[in-house]
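Subject: Structure handover

Hello,

Here is the structure for you to look over. My notes come after it.

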Amino acid sequence: MTRILIVECKQEVSTFNPVLGRYDDFVIHRGEALIAYHRTVRNEVGGALSVFDQHPEITIVPAISARAITSGGTLAAADWARLRSDILNAIHDAATDTNTPIHAAYFALHGAMAAENEDDPEGDLLQEARRLLGPRTPIVASFDLHGILTERILRNADAICCFHTYPHVDFYGTGQRAARLLLCILGGAKPVTAKVFIPALVRGDELITATGAIRHAVNAAKSLEADGVLSAGLFWGNPFTDVPDLATYSFVVTDGDPALAEREALHIAELFWREHERMYVPLTPLDEAVRIAHEQLPRGGTTILVDAADATSSGASGDSNAILRKLIETHYAGRALIPIVDPPAARAAFDAGIGATITTHVGGAMDPGRFTPVEVTGRVHLMSEGEFRSESFDELWHSGPTAVLLAGNITLVITSRAVSLYDRSLFYAHGQDPQRFDLVVVKSPHCQPHMFKDWAARYVDVDAPGATSANLKRLGHTRCPRPIWPLDEHVTWERRVTIFRRSVA
Ligand SMILES: [Zn+2]
């Protein structure tokens, strides 16, 4: 019997979001509830289970799963301490049960967490898990490619793997690859990992792995895996998690062949570096973007204003009213659909009730340093408890008490908590079909093309303020390594490799 421990901890942080993340932002599942949940969604743990299920000798030991409801600000110190101790206690309990020894562990992580008192929560968890599980227990961890690949992660995991797609559609497949990697190690493989540091923070359409310039590097990693290398990939990190290791990294894991790992990790890095100067977003100033919307109105069709500076899935607060304000100021007459996080405004709608007309402030409820509230008057059209399944992955999402407010020609979907906006889940759950509007604000850098881009009359990446602005120079990074592109001029890349190998006597 082989007993495999499963742990999940996923959150992505923008350190430029002033709202601290809290313990309550996480949905926690323990034991069998973890398995029951993951059998209903197609993400990493589900993918890993699908592989382990093929092996009758494997018994799954589900420890704990902590998944953030959505990305957000830096975790508050006390809240991280509580979450950390929940996770480590669950691992400790599993590891110290002498009747049921743990033979291996799979960690489904994100990689772009940060807490007030910990720059590398994932590395910390893996280090403590290693201490609890002992030096000989194989540990494999999977990551989002927006994670930050620290040395502490690689010193404590035997091997890692990461997503190969952006927008991400390979959660399940990544879990399957992680599971196979773990089985290889249990079967005797001796992983050795090469990591290459690349001084770049990137954003934009060229990162779309199916079509963008990034595909050369990502495809090289994928073909290595197809050729039998244990694991390979590219982490380009979340440029909004301003921590000391924030950068781009390539990595290759081979079975006991450091020279091969080194050569191929450098090759992936080189394919990336060759193209990196294309990997930014040409942004349209806010005034110009709104002018385009006015210009399009008599011609028909929908103008999509992409406000990725307030992308909740990247860690922004979701309460930007920058575009809303500009539409009101310029007397935009089209039907506009705008999502916004504003707990007091949602409460005001609930207090008034369906059909009531209210005057309330919206915007700046979370990030008052960036956004000044704007007053709107509207009719409360719909209220919901904010529990719905996501369009993309059928996951259960929680926007808290949510109201649809019809403020003249502007339809506001006002939530109490941030949810991801990389698809149309929030709109659909609240009776709003984006295609029926003249203008839609999309607070996500990229959605799958059929969701908005394929049918939009105009599609404009707006340069608005926000904690996840693609205008990276505007954010004021203070902690990531320097010099780094595009924050600094004349950045060069040194072909330097670090090798990690777990040597157990
Ligand atoms: Zn990601």
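This is a predicted model: local features need pLDDT of at least 70, side-chain atom pairs count only at pLDDT 80 or more; totals for chains, interfaces and linings use all residues.

Residues are numbered from 1 along each chain as its sequence is written.

Overall fold

The protein has 12 helices and 21 strands; these are DSSP runs numbered from the N terminus, with helices being H or I of at least four residues and strands E of at least two. Its radius of gyration is 23 Å, close to the 23 Å that the globule rule gives for 505 residues, so the protein is as compact as a globular protein of that length. The radius is taken over C-alpha atoms, and the rule is 2.2 Å times the number of residues to the power 0.38. Along the principal axes, the C-alpha atoms fill a box of roughly 70 × 50 × 40 Å.

Of the 505 residues, 56% are buried. Buried means 20 or more other C-beta atoms within 10 Å of the residue's own, exposed means 12 or fewer, and partly exposed is in between, with C-beta atoms placed from the backbone. Among contacts with a separation of 6 or more, 76% are between residues 24 or more positions apart; a contact means that two C-beta atoms, placed from the backbone, lie within 7 Å.

Helix pairs

The axes of H2 (residues 44-52) and H6 (residues 171-186) come within 6 Å and cross at roughly 45°. Axes here are lines fitted to C-alpha atoms, for helices over the stretch in contact, and angles run from 0 to 180 degrees between N-to-C directions. H2 and H6 are therefore oblique to each other. Angles under 35 degrees count as roughly parallel, over 145 as roughly antiparallel, 65 to 115 as roughly perpendicular and the rest as oblique. The residues of the contact of H2 with H6 divide into 8 nonpolar, 7 polar and 2 charged. Ala, Val, Leu, Ile, Met, Phe, Trp, Tyr, Cys and Pro count as nonpolar, Asp, Glu, Lys and Arg as charged, and the others, Gly among them, as polar.

The axes of H3 (residues 77-95) and H4 (residues 121-133) come within 10 Å and cross at roughly 25°, which makes H3 roughly parallel to H4. The contact of H3 with H4 involves 10 nonpolar residues, 1 polar and 1 charged. On the H3 side the residues include Trp80 and Ile91, and on the H4 side Leu125 and Glu128.

Single residues

Tyr249 is in strand S9 (residues 248-255) and counts as buried, with 26 C-beta neighbours inside 10 Å. Leaving out residues up to four places away in sequence, Tyr249 touches Leu149, Lys195, Val196, Phe197, Ile198 and Phe235.

Ser420 is in the loop between strand S18 (410-415) and helix H12 (425-429). Ser420 is also buried, with 24 C-beta neighbours inside 10 Å.

Two peptide bonds to proline are worth a look in the viewer. Tyr166 to Pro167 is cis, with omega near -10°, and Arg482 to Pro483 is cis, with omega near -5°.

Asp394 has a positive phi, near 65°, and is exposed, with 12 other C-beta atoms within 10 Å. His490, in the loop between S20 and S21, has phi near 50° and counts as exposed with 6 C-beta neighbours inside 10 Å.

Regards
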